[in-house]
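Colleague: I've got a fold open on my screen and I'd like to learn how to read it. Could you walk me through some features?

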Amino acid sequence: MEKRIIAATKNKNKVREFKEILPDYDIITQEEAGIDVDVVEDGKTFAENAMKKAQAIFDMTHIPALADDSGLEIFALGGEPGVYSARYGGEGLDDAGRTALVLEKMKGIDDDALRGAQFVCAIAFVTEDKTYTAQGIVEGILTHEPRGENGFGYDPIFYVPEAEKTTAEMTSAEKNAISHRGRALRNLAEQL
Ligand code: IMP
């Protein structure tokens, strides 16, 4: 198997985590390959979107393409923001704005037992002769205020009880060891 992989994403944090979790592969970015496209993520599931992104970038480059579609599912909000995690609340919000929106929506739900959520990651890896898929999940509890400076997205409000930290308070190695993306990518690596 050729070790060069193109990451079908423009999200630098995802690329960094791909590289950390799959150190045996030469992971190049869309930018390095000179590709400037945003694949429309209009699928109803993480798996559908991941497949769409990986297939589109593979078709353009013929380099084995790795895509992740991921997000936060909050049980008390019926699975919101789910596949809309990156654009929850509209395009005008940044990561801090989206975490603030989640905390606002969770106002009045004070019992930790009702503040459960999970990060979900679907991976698709499209190569010339085969397509691979994998999934990873990590469960946590939403905090009442942001904590920690590391990671990205909803990490500052996602508390993992076993680690007694939010994913933003973890080092990269700690987060990768338990995260939805770490789990999904290690599952993929086992299949390769
Ligand atoms: P997409 O997969 O590019 O559509 O976007 C995923 C979105 O889900 C990100 O922009 C974050 O808001 C959120 N997300 C996914 N993985 C993580 C994570 O590891 N930590 C925090 N937020 C995440």
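This is a predicted model: local features need pLDDT of at least 70, side-chain atom pairs count only at pLDDT 80 or more; totals for chains, interfaces and linings use all residues.

Colleague: Which element gives the largest share of the lining of the largest pocket?

Modeller: Rolling a probe the size of a water molecule over the atoms shows where empty space is left. A pocket, on a 1 Å grid over the protein atoms alone, is an open set of points where a 1.4 Å probe fits, with protein on both sides within 12 Å along at least five of seven lines; lining residues have an atom within 4 Å of a point. Here strand 3 gives the largest share, four residues. The lining has 32 residues, and Asn11, Lys14, Glu41, Lys53 and Ala86 lie nearest the centre. Two or more residues each come from helix 2 (46-61), strand 3, helix 3 (95-105) and helix 5 (180-191).

Colleague: How is strand 3 paired, and how many of its residues are buried?

Modeller: Two strands pair if DSSP finds at least two bridges between them. Strand 3 runs parallel to strand 1, with two bridges; one of the pairs is Ala7 with Leu66. With strand 4 (residues 116-126) strand 3 is antiparallel, joined by 10 bridges, including Ala67 to Ala124. As for burial, buried means under 20% relative accessible area, exposed over 50%, partly exposed in between (1.4 Å probe, protein chains only). Nine of the 10 residues of strand 3 (65-74) are buried.

Colleague: Why does Thr9 count as buried?

Modeller: Because its relative accessible area is 11%. Thr9 sits in the loop between strand 1 (4-7) and helix 1 (12-21). Contact means heavy atoms within 4.5 Å, and beyond four places in sequence Thr9 contacts Lys14, Val15, Phe18 and Gln30.

Colleague: And what does the side chain of Asn176 make a polar contact with?

Modeller: A polar contact is a pair of N or O atoms within 3.5 Å; within protein, one must be able to donate a hydrogen and the other to accept it, and residues adjacent in sequence count only if both atoms are side-chain atoms. For Asn176, in helix 4 (residues 172-178), the partner is the side chain of Glu20, at 2.7 Å. Asn176 is buried, at 7% relative accessibility.

Definitions and conventions: Residues are numbered from 1 along each chain as its sequence is written. Side-chain values use heavy atoms; hydrogens and water are left out.
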